[in-house]
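Okay, thanks for having me on the list today. Let me put the structure up, and then I'll walk you through a few spots in it.

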Amino acid sequence: MIWVSDANAQRTYFSRSWLEFTGKTLEQELGDGWADGIHPDDRQRCLDIYRSAVSSRQPFKMEYRLRRSDGQFRWVLSQGEPLFRGEGVLEGYVGSCLDITEQRAAEETRSRLAAIVENSDDAIIAKDLNAIITSWNGSAERIFGYTENEVLGKPITIIIPPELQAEEANILRRLRSGERIEHFETVRVTKAGRRVLISLTLSPVRDSSGKIVGASKIARDVTRIRQIEQALRDGEQRMRFALDAANIGTWDWDIESGGVHWSENMERIHGQPPGTFAGTIEAFREGIHSDDRERVEQAVQQALQGNGKYHAEYRQARADGSFGWMEAHGQVTYDSADRPKSMMGVCRDISERKRSEEALREAHEQLEARVRERTAELDQAQERLRTLSARLLQMQDDERRRIARELHDTAGQILVALNLTLVPVEEELRKTSSSLAGQITESLRLIEELSRDLRTMSHLLHPPLLDEAGLQSAVRWYVEGFAERSKIDMDLHLDPTLGRLPAELETAMFRIVQECLTNIHRHSGSNSASIVITRGTHSVTLDIRDRGTGMPALMRAGVGIQGMRERVRLLGGQLEIESGDSGTRVTASFPSSASSKVSAETSDMASRRSA
């Protein structure tokens, strides 16, 4: 297809073949009319190349799509050359167009095939009928280690191990006969000498006349695949062995069809002969103990409607008529619409564990029974000990009261009588012997001092004020005397509403005051202490504090503290001791009617003693 243009790039002539190709008239194509037939995507590019060439007076060549008379766009190759007059004046251009659609399509096909070959993960190798390598792609280089330059023109046998050389001769014979060799697995050798397991496919290559001129070989390295497959087989065998050794089977339930697939060992685990399981969900349910079916069904429904986790323990009927305990775990799988599709899981025989649990439960019950018996015996012994302790404390207080009375009444009266006897003697001796009178006077002084000490001792053992005036007077008298003897500053606060309390309660509180103040004097090193006694609606509280060194954390409670605890316990109260670097605090609280418990315990002890 020929065309001619003037110096202004305006087309002035088109040959008949151009007009037949485009199906247009000459008038339609003249000027820039010819450009209307160019594909819209190519039009501007073509015009820019054409006008630029005319402007620079250079020849040009370009490819674009031109609409044929049937409306189809065809690829054309357009070339143009400038025409000059004798003095170098541009007269115009003359050019041609050639339809290259088929050629371009063939080139694209060849390019695609070349790209496929080059980018394939498989080695693609071509050889002639003499087994000489004629092409070698990148994957062949990757698999076998040889570059293309190293193998082109070399025999294919460089990658075939010696023991398989005869294999190549058989392949060539079959190829010459036009036979396609479907894939088979064989061994080849890399440049480094490593043996590679490959899957090989060979096809004959023919020339334009149909004559076989060579072969195309596709080789895939399956070494890693076969290693993985072997590892999977080994893993499956190990898994099967582990499941059998652990007495665990696997199951798979297709929810839609109701079919259940058991592993080979599931029938043995369930105590059933091989081949007797019907393979349906109904057959599985029928084998469950009637008392367990509802529980298993609830577990299944919870898995289907919940998080997909299934767990159940149930009794399964065996062929011999007995029942074995089974434990099953499962997981629901879902389809693309998130609907339950199937459930798979494992099952194991836990009959031995259940028997062990039952034996353990019975042993535990027997042990608990024996513990209860021993606990009851200990409680009885402890109760007797508490009763004895209460009696001892009561006897101790009674004995103190008796000794105090004896010291006050008997010994005190004797000292008074002795004093009355010696006074007249003193008066007579003063008349006759002043030296003897002085000795009598000293004796009378010692009698007076002994009398005071007896009175003090008697009051400390059991102050008469405790029985006569009550706790307030007794505590006040004792605290004042303690402060005078110990030189410790005492702060005493007594609730004005305290009044009289039951005798046992007053005695216990007084003894606690005595014990605490004695400990403060002996051990705390405190220069001051405080005592607060308050009375509430239903309770009485005694609070004693010092500002001493406190008790060591690991110090074992002495007899005094244990005695205080026992007194408080017998009266139904509570004792708290807080000790630290800032001092010690002892708080005892009692119910206001605390005497009834002590009286009841001591009365009961007395009745048993009399019995």
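So, start with Arg355, which makes a salt bridge with Glu352, the closest N and O atoms being 2.8 Å apart. Before I go on: this is a predicted model. Both residues sit in helix H12, residues 351–432, three residues apart, so to speak about one turn of the helix. Arg355 is exposed, and Glu352 is too.

Now hold that against another pair. Glu168 and Lys127 also form a salt bridge, with their closest N and O atoms 2.4 Å apart. Here Glu168 is in helix H7 (residues 165–176) and Lys127 is in strand E6 (residues 123–128), so this one ties together parts that are 41 residues apart in sequence. And are these two buried or exposed? Glu168 has a relative accessible area of 2%, so it counts as buried, and Lys127, at 3%, is buried as well.

Arg545 and Asp543 meet through their side chains at 3.0 Å, N to O. Arg545 is partly exposed, at 37% relative accessibility, while Asp543 is buried at 9%. In total the structure holds 34 salt bridges, and there's a network too, linking Glu313, Glu327, Arg348, Arg353, Lys354 and Glu357.

Okay, on to the sheets. Five strands make an open, antiparallel sheet, and the order is E12-E11-E15-E14-E13. At the edges you've got E12 (260–262) and E13 (309–317), each pairing on one side only. On average, neighbouring strands are turned by 25° against each other, ignoring direction. Inside that sheet, E14 (residues 323–334) and E15 (residues 340–349) are joined by nine bridges, and Val332 stands opposite Met343 in E15. Then look at helix H11, residues 293–305: it lies across E11, E13, E14 and E15, running at about 160° to E13.

Methods. Residues numbered from 1 in each chain as written. Predicted model: local features only at pLDDT ≥ 70, side-chain atom pairs only at ≥ 80, totals over all residues. Heavy atoms only, no water. Pairing = 2+ DSSP bridges. Helix = DSSP H or I, 4+ residues; strand = E, 2+ residues; numbered from the N terminus. Axes fitted to C-alpha atoms, helices over the stretch in contact; angles between N-to-C directions. Contact = heavy atoms within 4.5 Å. Salt bridge = Lys/Arg side-chain N within 4 Å of Asp/Glu carboxyl O. Buried < 20%, exposed > 50% of the residue type's maximum accessible area, 1.4 Å probe, protein only.
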